[in-house]
Amino acid sequence: MIGTPVMAQETVTPAAASGDEALVDLANPLMGTDSDHSMSYGNTYPAVAVPWGMNFWTSVTGKMGNGWGYTYDAQKLNGIKQTHQPSPWMGDYAAFALFAETGPLKIKEDERATFYSHKAEEARPYSYKVYLADYDVTAEVAPTNRAAQFRFTFPKSDDAHIILDGYAGGSMVKIDAANRRITGYVSNNRGGVPDNFRNYFVAEFDHAFAVTRTWDENWQLAARAAQEGDHVGAVVSFKTRDGEQIGVRVASSFISAEQAARNLDREIGKDSFEATRAKAKAAWEKEFQRILVSDPSLDNRRTFYSALYRMLLFPREFHEYDAANKPVHYSPYDGRVHPGFLYTDNGFWDTWRAVFPFFALMYPERDSEIMQGLVNTYKEGGWLPEWASPGYRDVMIGANSASIISDAYLNGVRGFDVETLYQAMVKSATTAQGRPTDKKGAVLTAVGREGVDDYNRLGYVPYDAGINENAARTLEYSTADFAISRLAAALGKTEDAKLYASRGQNYRKLYDAKSGWMRGRNRDGSWSTPFNPYKWGDAFTEGNAFHYSWSVMQDVQGLIDLMGGDKAFVGRLDSVFTTPPVFDDSYYGSTIHEIREMQVVGMGQYAHGNQPIQHMIYLYDWAGAPWKAQYHVRDVLKRLYAATPDGYPGDEDNGQTSAWYVFSALGFYPVTPAVGEYAIGSPLFRSVRLAMPNGKTLTIEAENNGPDNVYIQSVAFNGQPHARTWLSREALQQGGTLRFVMGPKPNTAWGSRKADAPFSMTSAEHK
């Protein structure tokens, strides 16, 4: 509501704003599920889990092994599976499914699949409930970190069945009727595991079995208690009364069958289904209560908490707790069990940008555990991961682990062996020898830095070196080198700090003053030809020159200077939105979904559905035009996000696209790694109260805020005028009141001085 007085705003309490509803019930796990291979509106699935849980559970509408295991437009459902999938492009691993039927037994997915409706589906972060129409059965699941409880409500039937499907890729099942238990393991995966990889499970039932059967890899049912093969499963049958409920307690372990039983006893024990559900709900509510939003827009609050839910799922815990309650983990890097933490299922190419800066700001203890896990990864595998699922995967580019580690340490995260991680970062930055290989002996080029020798000698990865996406690699290596330089300086490694700071300027080698864009360069210094700024891929990764030319997060002022000053820079930023969304997809041979997602939203060349350009809007803050950042931030928040099945502008990507929303809705965003600063945008809500990790409270108020009042008129922090277009991590964590006054027209004076701009390597005025 435009022009609402301050006193009226202050009466909107968090409880009133949410109708006394639990905040977690504002989150919609179906956000982003209306996706497929050709068009992503999130490429998510309804993950039933606890924050950072080792196991997620999801209903299955797709075929076994298909990355699109759940799609919103599907009409049939064939199971509820334990899943560890971070992305459909990565695939799942260690999955198995439970399913309930009545009548003649059907064990194959396509035969047993039942019609279902979203009208009889209830998806929450902490539970899932669905009506299996063909069988008149209601299925429910509630999670813990490493276990879950199922509850199946049956009609009157002499042939009620519960199936445990071990999926293809290696599985074993064993029925222990005397103890009402099914045990076994599954080994399915898409790579990134040693030969001894297994997920051991135990499923305990609260009803005795009337009939037990297993099937072998040829789908032959038998009254055998055990089966082992590529794809086996188990069926236990019952005679049920109308409305009779059968409960199943399930847990798993990557370590051993004994550890799986320990996880079950420790995390569920004798809890009822409702108790497990309540505990999972409380786990989410605890995190959501740390960020209390007060605002009249229910839709915006739903989107915010749906995004926050996604951001707190990954990376997942891969460690467990032994008999002495000490953290231990099976290592997907060497196949052994080691003490300590381990996290996985994360692509740092995506998440270094905003997810990990959020952890450093709000969850430093969790970030410390993740860093400890990276230490263990390096010790067990010899290299830092850039994409882990669960071990090294050969996907994407860059050396973004350096930014994550440096950003953590420079923002006060402690409790991990930073010297070992520094050694690991330097190794990736100096050699390509000895990198891990896949099972066929091929080098995993996404580990370490592909082209590192040329990069260190020439200052860039040459276009004609036979290395794809070379310009993108150069720009990302340069940003990573800046991050290393910051950590080196903090650790007293003066010469290293100078060396890597100089490499942090390597972006300059790819700027073509004639075209005004970054582009590929050959070994002899000549430019790659022909050059088409609309061409996706080739020298770039899932983008073109319009997107990657802004990948100079460490030195925006240096980029401004290259482009001819503030006016020219702002004009070039504007052109991204005003240039029609034409494209050249010849590198791929077809139109990849990222291209189509850019094309359809009516924002020109701006491709918010992918990560390389997501920070670009905030660069106006460096060029004296922060009001343009304010406009575009609010435009993206309004048009490209919603708590609906088509609610994301592209792949959600392990929390990154959600993290952009969360940060931007708060009013600021982390552009530059390892400096502890956040560029100011335009806050979405009237009031937000954040519980900082040190126990202090930060209150963000936005007077007169509303859909039309997107422009900052003034800012005050703890009563003092704040003219700078950035905020520091230290100041935010100290708490207090950050107060914005909003209006319908830009205040072009606020934040327009060069001294108001955020950090840049070449800025002499920044304070």
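Predicted model: local features only at pLDDT ≥ 70, side-chain atom pairs only at ≥ 80, totals over all residues.

**A sheet, a loop and a helix pair**

Modeller: Let's start with β1 and strand β3 (residues 79-83), which pair in the antiparallel sense over 5 bridges. Pairing here takes at least two DSSP bridges between two strands, and a strand is a DSSP run of E with at least two residues. Residues are numbered from 1 along each chain as its sequence is written, and side-chain values use heavy atoms, with hydrogens and water left out.

Now zoom out. β1 and β3 belong to an open sheet of 7 strands, running β1-β3-β4-β10-β17-β14-β15 with antiparallel pairing. β1 (56-60) and β15 sit at the edges with a single partner strand each, so one side of each has no neighbour in the sheet.

At the β15 end there's a loop to look at. Between β14 (211-215) and β15 (221-222) you'll find W219. Phi of W219 is near 65°, a positive value in a residue other than glycine. Most residues other than glycine have a negative phi. W219 counts as partly exposed, because its relative accessibility is 28% (buried is under 20%, exposed over 50%, partly exposed in between, using a 1.4 Å probe and protein chains only).

N718 lies in the loop between β33 (711-717) and β34 (720-721). With a relative accessible area of 46%, N718 is partly exposed.

Next, some helices, meaning DSSP runs of H or I with at least four residues. Helix α11 (residues 418-430) packs against helix α13 (residues 470-490) at about 145°, with the axes 11 Å apart; axes are fitted to C-alpha atoms over the stretch in contact, and angles between N-to-C directions run from 0 to 180 degrees. On the α11 side, V418, Y422, M425 and A429 meet D481, I484, L487 and A488 of α13, where contact means heavy atoms within 4.5 Å. By class, that contact has 7 nonpolar, no polar and 1 charged residues.

Last stop, a peptide bond: F314 to P315 is cis, with omega near -5°. P315 is in the loop between α6 (298-311) and β20 (316-317).

Note on methods
Nonpolar A, V, L, I, M, F, W, Y, C, P; charged D, E, K, R; others polar.
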